[in-house]
Amino acid sequence: RLKMKSQYDINNIRGVDKSDMLDILLDLPRQCQRAQETANSFKLPGDYSVKRFDKVFFTGLGGSAIGGDIVKAYLSRQIGVPVIVNRNYDVPAFVDKNTLSFVCSYSGQTEETLSAYKQIKQKGSKIIMITSGGALAGISRKDNIPCILIPKGIPPRTAIGYMFVMPLVALSNIGLIKNQDKNLKEAINVLNDLKENALNTCIPSPKNIAKDIASKIFGKFVIIYGADDFLSGVVTRWRQELEENSKTLCMERVFPEMNHNEITG
């Protein structure tokens, strides 16, 4: 752990960053760009037609499911069909031949996701796999399922650019949502600007909002609140990051639901 007086020293940060998380996180803008390019060049079979889909279904766990959460929140006022995220061995009865299913596992070995895939396939759903390899990639070849491959070698929780951008572009290319290229280009530019300026590792706290927040929540139990409409996926993601990267428990809550019961407690 860093002493607070040395928190600005990049050498001290790298001294405790054994997994090279800093550089991986700073690579997020480039990851999003690579994800966009890969998904745009990926050709789906002709029977993946917008006319047949009346729901979009994601199945995955942990960092492989968060992309579905963010897609769901981001598209809540754009997409004309329900978006559902599943984190389980089993899938709901409503998954059928009119469902577009994203089966997401960075490692390709997640047992819950492999179990869910078998059920999705039996129900006749059209499937797009997103993985870096493993058993899932092998199954995609055996069963002739479209599979978008992610580069290997990073922790699954850091593949958020791939897990969010790839299905977003796929939904756009199928025609379920409008083209996202302009929005993604703008988002990548914003991320690059944050990386180079507001969140630059050389900028000390309190001017660096990341360092400022980190110093305030260090050693505390954190509860993260956000608006349900667009930020529910972001709130979940932040909780996961604190728990897995910082090894600290925290909770997440969303407005307006918390106004009805939790606020009373």
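Buried denotes under 20% relative accessible area, exposed over 50%, and partly exposed the range in between (1.4 Å probe, protein chains only). The model is predicted, with local features requiring pLDDT of at least 70 and side-chain atom pairs pLDDT 80 or more, while totals for chains, interfaces and linings use all residues. Residues are numbered from 1 along each chain as its sequence is written, and side-chain values use heavy atoms, without hydrogens and water.

Cysteine 147 is buried, at a relative accessible area of 15%. Cysteine 202 is exposed, at 63% relative accessibility. The structure holds 0 disulfides (a disulfide being a pair of cysteine sulfur atoms within 2.5 Å). For cysteine 147, the closest cysteine sulfur belongs to cysteine 104, 10 Å away and too far for a bond.

Helices (H or I, at least four residues) are DSSP runs numbered from the N terminus. Axes are lines fitted to C-alpha atoms over the stretch in contact, with angles from 0 to 180 degrees between N-to-C directions. Helix H3 (residues 28-41) and helix H8 (residues 181-196) pack at about 160°, with axes 8 Å apart. H3 is thus roughly antiparallel to H8 (angles over 145 degrees). The contact (heavy atoms within 4.5 Å) includes Cys32 and Gln36 of H3 and Leu184 and Ile188 of H8. By class, this contact has 6 nonpolar, 4 polar and 1 charged residues.

The axes of H5 (residues 111-122) and H6 (residues 134-143) come within 11 Å and cross at roughly 20°. H5 is roughly parallel to H6 (under 35 degrees). Leu114, Tyr117 and Lys121 of H5 meet Ala135, Leu136, Ile139 and Asp143 of H6.

Notes. Helices (H or I, at least four residues) and strands (E, at least two) are DSSP runs, numbered from the N terminus. Angles under 35 degrees count as roughly parallel, over 145 as roughly antiparallel, 65 to 115 as roughly perpendicular and the rest as oblique. Ala, Val, Leu, Ile, Met, Phe, Trp, Tyr, Cys and Pro count as nonpolar, Asp, Glu, Lys and Arg as charged, and the others, Gly among them, as polar.
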